[in-house]
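My notes follow the model.

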Amino acid sequence: MFAEIKSKYDGVDICINNAGLAHPATLLEGETQDWRHMININVIGPCVCAREAIKSMKERNVDDGHIINICSLSGHRIQSGSSEIHMYAATKHAVKAITEGLRQELRQMKSNIRVGQISPGDVKTEFVLNMYPDNPTFHEKFVRSGQCDQSWTMFMDQVVK
């Protein structure tokens, strides 16, 4: 993907990592393959994309680029009564830690590339539908419940050079 971006557009100046999926299961009953899938998508994917985006920026002497990780409110807290998403929450806590670690690494290098994250709450997307593909009525009830709407409830983490 990054080779194609380089050939078509010269490189990456802004990278928005919006990876997220969940396999609903408790930690006591979850499947290892589902956990690996979540970790690969929710954690490894944004790491690889951030690394390659920053490499692209450095190759072109871009020192004012941005890496923005889409996290989740689940990356800030563990909800009681939501044991089916504990592993998902763990992956989003990892995104939060990775964002801060990357920010510190760039700061040590005296880079002006900025790193931040956005942590939305419940939003009207296909996320819940994909989480429960065999139960489309759950998604409809979730959307109609008022738990989510078109706007994002979010924490905008301070972006510090």
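I began with I44 and found that I44 is partly exposed, at a relative accessible area of 40% (partly exposed lies between buried, under 20%, and exposed, over 50%, with a 1.4 Å probe and protein chains only). I44 sits in helix α2, residues 32–59 (helices are DSSP runs of H or I, at least four residues, numbered from the N terminus). With I39 and V48, I44 makes a nonpolar surface patch of about 210 Å²; a patch takes residues with over 30% relative accessible area and no salt bridge, nonpolar side chains being joined within 5 Å, and a salt bridge is a Lys or Arg side-chain nitrogen within 4 Å of an Asp or Glu carboxyl oxygen.

I noted that this is a predicted model, in which local features need pLDDT of at least 70 and side-chain atom pairs count only at pLDDT 80 or more, while totals for chains, interfaces and linings use all residues. Residues are numbered from 1 along each chain as its sequence is written, and side-chain values use heavy atoms, without hydrogens and water.

Next I asked which members of the largest nonpolar core touch the most others. They are A53, I67 and L102, out of 14 residues (a core joins buried Ala, Val, Leu, Ile, Met, Phe, Trp, Tyr and Cys through side-chain atoms within 4.5 Å). Helices α2 and α3 each supply at least two residues of this core, and α2 gives the largest share, five residues. A second, separate core of six residues includes L21, A22, M38 and Y88.

Finally I checked α3, where the buried residues include Y88 and L102.

Conventions. Patch = residues over 30% accessible without salt bridge, like charges linked within 9 Å, V, L, I, M, F, W, Y side chains within 5 Å. Areas by Shrake-Rupley, 256 points an atom, 1.4 Å probe, with all protein chains shown as cover.
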